[in-house]
Amino acid sequence: LMSGEIIQMSPPMSLMFEPADLEQASPATVSRCGMIYMEPMELGWRPLKKSFMEHELPKNLSEEHVQAMEEMFEWLLPPVFEFLEHHCKLFITTSQLHLTRTMQRLYVSLMDEIFASAESQEDEDGSPGAGALTGQQITMWLQQLFTFSLVWTVGGTMNGESRHKFDAFFRDLTNGLNPAHEKPKSVKISKNTNYPERGSVYDFYFHKAGSGTWNNWMDYLDAEKMAIPADVKVSELTIHTNETARQIYFLDTYRTHRIPLLFVGPTGTGKSAIVNKYLIELPKEKYLPNVVNFSARTSASQTQDIIMSKLDRRRKGVYGPAMNKECVLFVDDLNMPMKEKYGAQPPIELLRQWVDHGNWYDKK
């Protein structure tokens with residue numbers, strides 16, 4: 001330990017470290033530890049797909065639904081990953097594993113109605129429940145939600161110029177016009193049910209009604225949100241556009257499923273302003289917003305103190321917002337903390353520990 005004290009480890013105990021590289025490791029450390037090096041490409045995204053198919057899908061899917069989804073993964077993901085690698089410029093370079101997992105999390109977040117349909121599948125007399133979806137509806141929704149999720153996760157981190165290229169490529173692929181990747185027979189997406197020909201694939205969201213329709217992003221916002229109050233100050237005014245509607249849509253989707261969300265983009269494009277306005281408008285009886293602004297001098301200790309200051313002690317070692325409330329944490333300027341001598345940013349590592357493991361350590 002830092003104090004010089006030595007803690008004896010018993011034979012069943014073992015320590016595992018997961019470093020990005022061995023740049024800071026001494027030869028003595030390397031020689032005393034067993035090393036396992038894994039290339040990201042060694043594992044690939046297919047084990048993630050297998051785990052997802054077995055554990056996260058609604059129980060009311062038939063074998064045909066599951067088989068069609070399996071074929072969607074194998075049909076769309078390899079060519080999209082290849083196109084991303086060779087033809088697109090990205091804001092953030094992300095591994096195929098992370099992109100696949102992000103896509104799966106968005107995909108399953110958009111299946112609420114299908115999960116609800118499974119619960120209302122049968123009434124007490126055995127007849128179909130009022131909220132039950134037909135097999136045909138589920139097929140259409142699953143396949144179109146798949147393409148939507150793919151566009152906004154795997155295809156979501158590229159710049160504007162690359163989006164134009166991706167739009168043309170993805171339309172040809174899903175319309176079955178790419179001879180190297182032919183559309184499987186189980187896929188029911190046709191020219192009529194695919195993305196509208198006008199605009200780009202980034203201009204629409206999938207509206208779950210009937211067999212499903214592709215709506216413009218502005219249709220997602222309520223008329224109340226679009227209205228401009230007469231007494232509002234110009235400095236507090238937000239004019240909604242497709243971009244703001246998208247941001248609100250994903251905030252709604254991920255908030256209700258408690259999934260962390262990262263907004264990336266150029267400086268001064270309104271990311272913080274839109275999120276702050278969104279947090280202010282959340283129902284106060286249900287949500288407790290907590291805004292943390294990072295700077296170059298922010299430390300991990302300060303970050304933990306700021307977040308904990310808004311929480312109540314429930315019992316020993318457990319903290320949370322007031323009963324029946326949810327705390328929504330917004331970290332602004334996430335990339336600002338200064339790197340320490342080993343290249344890490346401690347406040348971000350602390351947040352990552354919390355996101356990954358759901359806990360951190362008592363400093364006292």
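1. Buried here means under 20% relative accessible area, exposed means over 50%, and partly exposed lies in between (1.4 Å probe, protein chains only). From its first C-alpha to its last, α7 reaches 27 Å, close to the 27 Å expected at 1.5 Å a residue; the expected span is 1.5 Å times one less than the number of residues. Helices (H or I, at least four residues) and strands (E, at least two) are DSSP runs, numbered from the N terminus.

2. Before going further, please keep in mind that this is a predicted model, in which local features need pLDDT of at least 70 and side-chain atom pairs count only at pLDDT 80 or more, while totals for chains, interfaces and linings use all residues. Residues are numbered from 1 along each chain as its sequence is written, and side-chain values use heavy atoms, with hydrogens and water left out.

3. What does Phe73 touch? Beyond its neighbours within four places in sequence, Phe73 is in contact (heavy atoms within 4.5 Å) with residues including Trp45, Phe52, Met103 and Phe146.

4. Thr157 and Phe91 are 66 residues apart in sequence, yet their C-alpha atoms are 5.7 Å apart in space. Leaving out residues up to four places away in sequence, Thr157 touches Leu90, Phe91 and Ile92.

5. Asn290 sits in strand β3 (residues 287-293). Is Asn290 buried or exposed? At 2% relative accessibility, Asn290 counts as buried. Among the residues it touches, not counting those up to four places away in sequence, are Ile307, Cys327 and Phe330.

6. Finally, two loop residues deserve a look. Arg258, between α10 (242-256) and α11 (271-280), has a positive phi near 55° and is exposed at 64% relative accessibility. Asn324, between β5 (318-320) and β6 (326-332), has a positive phi of about 65° and is exposed at 72%.
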